[in-house]
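Trainee: I'm new to this one and would like a close look at a single part of it. Could you walk me through the salt bridges?

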Amino acid sequence: MNAPAVTRIRSNLVVFLFAVFVRALLVVALDASSSTSSGAPLLQAGVPTSFSRGSSKYLAAVLGAPNAAGQRREGVERAPSILRAAGIVNDIRALGWDARDLGDAHEPKPPVPSPLRGSPGPPPTVSRGRKTNAWRDADAAALHEMVARRVHDAKTSGAVPLILGGDHSVAIGSIAGALRDDPALSVIWIDAHADVNTPQVSETGNLHGMSLAMVAGLADRASWPDGAYDWLLKDDDDFHDDRVRRVQPRLDLRRLVYVGLRDVDPPEADRIANLGIKAFTAERVRSLGAQRVARLALDHLRVANGGDALTSLHVSLDVDSLDPTCMKATGTPVSDGLELTDVVDFLRETRRGAAITSADLVELNVEVVDEATRGGYVDTAKGLARALLGEAGCAEPARDNKAVTGWGVTREKSS
């Protein structure tokens, strides 16, 4: 073999070995990033990524949605970073989940201020007598769509997404994303409020009180400028090209169950009654018992699903579902709420009967309480996250002689 040929072979070998070395470095770096909770996204929006490297088949994807634009109190947008700093991802891993922190779906979004005197009025579809901060903030629609894409990507990758709000308007994105994965999605809404208002009837104009109306397609898309929510609310008939049909399924409200209601606006009460939505008030949970309510809720959802087993179940948990004696760190506390044991028992019984395939934890706002008490409420929120997911592959989470292990506010069990 002549000298030039030997030189070419050596050169090609060096290039090959360098490429192998660079590839190995990239793999190591990616593995290292997946084991941290620094907030760097592991799933890019619109690009489903496999979790197959994990050793466990129980995959949890923690996604922040730091959006406070659905209401007017500052602080709720900081909850995802606070929960991460408190070790929520490691808590989930301790339950046996292969938990990955996907970072935040978008940059933190502060609250929308009340309209200034003399500012332009609402569109014709919204009464001028209403407070209308929701319609003024059309750019929040893009943030909800970002959450929807990331949730869909996570579910496509085989993970159970846990979305950390933010106010309860983040459920517009999380439920929309879960619906893209399965249009037959069932939803359990654990909240003091019904959140099924529309801009036309809302007394506050706050979008976190409209989340379910939005994903069910009840709101008028003309209530927002520039087609902000066309991706969510546009009807098939509105598409002029017959080849184009809506890609965003809507929530069938027959597949919805409320748990913990006690502060419902009259238009919402009428809608719940007229549509036959199943609802358990906090008082009803106390009288029937949380475990029985869970069984009744699942029975109702199975009937709504045609008698079949539930293919997917989204649980949206607002911390204001708890009584203020357990949770004051929220912008809208309501008295006579659920006890910690009510929520935990309900979720444990729910997981016995159906798999929770996606979940929200929303409305934690430590800015509204004294600094000395904040750590306890953060621990309570972490306990709620553990209760949503439970031990990987098990019907119920580990418990001790208290209501829940490691909660910030606990109550001794009565004998």
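Trainee: To start with, is Asp-181 buried, exposed or partly exposed?

Mentor: Keep in mind that this is a predicted model. Asp-181 has a relative accessible area of 34%, so it counts as partly exposed. Its salt-bridge partner is Lys-155, with the closest N and O atoms 3.8 Å apart. That pair links distant parts of the chain: Asp-181 sits in helix α6 (residues 171-181) and Lys-155 in helix α5 (residues 140-156), 26 residues apart. Lys-155 comes in at 11% relative accessibility, and therefore counts as buried, because the cut-off for buried is under 20%.

Now take a look at Arg-84 and Asp-101, whose side chains meet in a salt bridge at 2.8 Å, N to O. This is another link between distant parts of the chain, with Arg-84 in helix α2 (residues 79-85) and Asp-101 in strand β2, 17 residues apart. Here Arg-84 and Asp-101 are both buried.

Arg-302 and Asp-299 make a salt bridge too, at 3.1 Å, N to O. These two are three residues apart in helix α11 (residues 290-304), so about one helical turn separates them. Arg-302 is partly exposed at 24% relative accessibility, and Asp-299 is partly exposed at 41%.

Salt bridges can also share partners: Glu-77, Arg-78, Glu-367 and Arg-374 are joined that way into one network. Altogether, the count for the structure comes to 18 salt bridges.

Technical notes
Residues are numbered from 1 along each chain as its sequence is written. This is a predicted model: local features need pLDDT of at least 70, side-chain atom pairs count only at pLDDT 80 or more; totals for chains, interfaces and linings use all residues. Side-chain values use heavy atoms; hydrogens and water are left out. A salt bridge is a side-chain nitrogen of Lys or Arg within 4 Å of a carboxyl oxygen of Asp or Glu. Helices (H or I, at least four residues) and strands (E, at least two) are DSSP runs, numbered from the N terminus. Buried means under 20% relative accessible area, exposed over 50%, partly exposed in between (1.4 Å probe, protein chains only).
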